[in-house]
Amino acid sequence: MPILFNAAAKQFHLSNGSFSYIIRILENLSIGQVYAGAALRPDGNYSLLDPLPFPGFSNNDKAFTRFEYPVNGNGDFRRPAFTVRFPEGLGEGGEALGSTVIEPRYKSHRIYAGKPELSGMPAAYTEKDDEAETLELELLDAASGLKIILFYTMFTQYNCLARRVRFSNGGNKKISLENAMSLSLDLPDSRWNLITLTGAWAREFDIGDAPLRTGFQGIQSSRGISGAQTNPAVILRRPSATENEGEALGASLIYSGNFIADVEVDQWDIARLRIGINPDGFSWELAEGAIFDTPEAILAWSARGLNGLSQVFHELYRNRLARGAWRDAERPVLLNNWEGTYFNFTEKKILEMAASARDLGAELFVLDDGWFGKRDDDHSSLGDWFPHKEKLPEGVAGLAKKVTALGIKFGLWIEPEMVNPDSDLYRAHPDWAIHIPQRQRTEQRNQYVLDMGRPEIVDHLFKVLSAILESAPISYIKWDMNRFITEPYSIALPPRRQGEFFHRYVLGLYDLYTGLTKAFPEILFESCASGGARFDPGLLGFAPQGWLSDDTDAVERLSIQEGASLIYPLSSMGAHVSAIPNHQTSRLTPLPFRAMVSFFGCLGYELDPTKFSAEEREAVKKQIAFYKAHRRTFQYGRFFRLPSPLRGRSNTNGRFAAWMVISDDGAEAIVGVYKILSNPNQRPFRLKLAGLAGNADYQVTVWEEGGYSEEDKNLNCGGRGGDELMQAGLLLECTGHHSPKNGDFFSELFLLRKQGASK
Ligand code: GLA
């Protein structure tokens, strides 16, 4: 049973046999955090693990060292999980006007099979009730009537707990919610390293990894979106934990707006981990009877190192966050025209590119920015979602029909949340753009953001976008978002509710996504925000894949894709081969190297295919054919980052990277090895593989169309034991210094086929 309540001990034990999470109703009826980690026996009474009272208070029974959903003002001086203000005071007389102290106490609980829906926001889900159990724990602040309902869902198959909170005003006075974390966890010691994913445009998902220290550490976004600068997740690993061994836990927020994820280490070495909506600038008015739901956070745990932890997130997000027809479907190999033409294209050019892509084996042609209004550069037309007649004389419908007649599907780029000042939409509705009257409107990429918190704007977008989608055979949408939100303010909200602005934006965005994905269930949506500035679990709930970065350089991509893989599955990562010199870095990398990096994700090409030489065309045909033959493994297999002695803290400051993916049934595995920079007289080393069946035999071969080395092939290929491959590994870097394969950017793919497994 995943959730047990021990009435005598007043203890809730949430466990799936591998991960246990234990909380208890304390003497004073507040909830204490008891334990989170490797499974403990279900029937135990773990009161000896209880949090201790904070010493020093002579008559205060309210302050404990570890709380489940802490408040402050009562003797716990750390950052709280939530904060409320009582703008109308308490009781009949409105006493304690404006105060913030609150005394939530256990009221009741419910345990039931399955997982309830979360209205208005994406969340993990179950398909059958036996996949999970849910605990709803209701706390009450008697003086105000505020109810706080903590939701916990323990999954049986995935080593994780979904957590969220509902606030419900059962009193008769307004309450202002000023902070509402989705998850707070007081860990009994601080011997952890904190891992974050940070970056910037074109260099997203840099892995930061540093020991916890006393005080605060963490990340946040106040940009209106999760941001390329910070991804809404934190991981704690034991200092001794590696990719494949040791304890790690991670918290990831299913949300696409302002967030905070932090850890506070106090004077007792207790580490408080929190994740939720960024409280900075946030408030929400709870009138009598009103409720507020936080977004959902996922707390995952593994004893199998960072790979083990990542795999929990990958499996949950792939199977029980992503939805719809594309959740389990193999994703098409696409050709996107952006880096091939930028804004400069004609219908004729697009048709040539589409025909060429089809000949190479691509299945989908994506027309990127520049097809609408009068858009010939990034100065105009966002908001005018009708065809650019000079470029597309027969409109999107005419072009889409011609493309599909060639035998390749058609996809389209949109950026619905935006408006250029130079657009018909802005001229008609200047007040739809987010702004503060009397203040300057900041332009970024020459554009403004529409106030998605206003239902009439969401309705308008739904109508115009539906009209395009209905008018043409469109199978794919790339939904972009190319700026942050400045001058946060909604002219539609009263002054006291301006703190709701950012969250209302996100709810409006989700509303539009919900409408369009329901109305067009066959369309594959890919999210994008100047690359990976909104690559988050919130959008994965609608768009099962996302564009990770505008940086298409294969070396950079090693680092970006690897960073993203800490949380996100390969099926969510758009990965494109682009032309050289690379448009972001000017680097020259060989075509096989570029392809072998993009194979680990959803493969696409982003270039002008008509410019390929005959030799390149043949190579690309073979790449696409190979990828299709192994696509299920690449997109849906179990992914491992393989540590090697040549690796730095992340791949860009190492000289070598290696990845591995194993098919669901274990029958095949593919190992990609990437030498970044060469140095002379390199010592050979063994790369240990992971996740194989130790007692099975595997036939090891190399992908002959790649840039394999004869030496590596001779030294590694043949029948090998799974145990041998994991304990001793492949022998690499054996190319002698006269070998032509000894240069920079040399990659190989090893294929492992389990003996006796059917093909
Ligand atoms: C963003 C995207 C790119 C491309 C351009 C088009 O930068 O990340 O992939 O679509 O917009 O303007």
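The model is predicted, so local features are taken only at pLDDT of at least 70 and side-chain atom pairs only at pLDDT 80 or more, while totals for chains, interfaces and linings use all residues. Residues are numbered from 1 along each chain as its sequence is written, and side-chain values rest on heavy atoms, with hydrogens and water left out.

We begin with the sheet. Helices (H or I, at least four residues) and strands (E, at least two) are DSSP runs numbered from the N terminus, and two strands count as paired if DSSP finds at least two bridges between them. An open sheet is formed by six strands in the order β31-β32-β33-β38-β35-β36, with antiparallel pairing. At its edges stand β31 (638–641) and β36 (718–721), each with a single partner strand, so one side of each is left without a neighbour in the sheet. On average, neighbouring strands here are turned by 25° against each other, direction ignored; axes are lines fitted to C-alpha atoms, for helices over the stretch in contact, and angles run from 0 to 180 degrees between N-to-C directions. Within the sheet, five bridges join β35 (residues 697–702) to β38 (residues 746–754) in the antiparallel sense, and Y698 is found opposite K754 in β38. Helix α9 (residues 554–564) lies across β31, β32 (656–662) and β33 (668–675), and runs at about 50° to β32.

Turning to the interior, a nonpolar core is a set of buried Ala, Val, Leu, Ile, Met, Phe, Trp, Tyr and Cys residues joined through side-chain atoms within 4.5 Å. Buried means under 20% relative accessible area, exposed over 50%, and partly exposed in between (1.4 Å probe, protein chains only). The largest core has 199 residues, of which F167, W371 and F599 touch the most other members. Helix α7 (residues 501–519) contributes the most to this core, with nine residues. Beyond its neighbours within four places in sequence, W371 has contacts (heavy atoms within 4.5 Å) that include F345, W385, F386, L412, W413 and I468. Another core, of 25 residues, lies apart from the largest one and has A658, L687, V702 and L752 among its members.

With a disulfide taken as a pair of cysteine sulfur atoms within 2.5 Å, the count comes to zero. For C528, the nearest cysteine sulfur is that of C602, 14 Å away. C528 is buried, at 3% relative accessible area, and C602 also counts as buried, at 3%.

Finally, the structure holds 51 salt bridges, each a side-chain nitrogen of Lys or Arg within 4 Å of a carboxyl oxygen of Asp or Glu. In one of these, R24 and D50 bring their closest N and O atoms to 2.7 Å. R24 sits in strand β3 (residues 19–25) and D50 in the loop between β4 (31–38) and β5 (82–85), 26 residues apart; R24 is buried, at 4% relative accessibility. D608 and K349 also form a salt bridge, with closest N and O atoms 2.7 Å apart. D608 lies in the loop between β30 (602–606) and α11 (614–629) and K349 in helix α3 (residues 347–360), so this pair ties together parts 259 residues apart in sequence. D608 is buried, at 8%, whereas K349 is partly exposed, at 21%.
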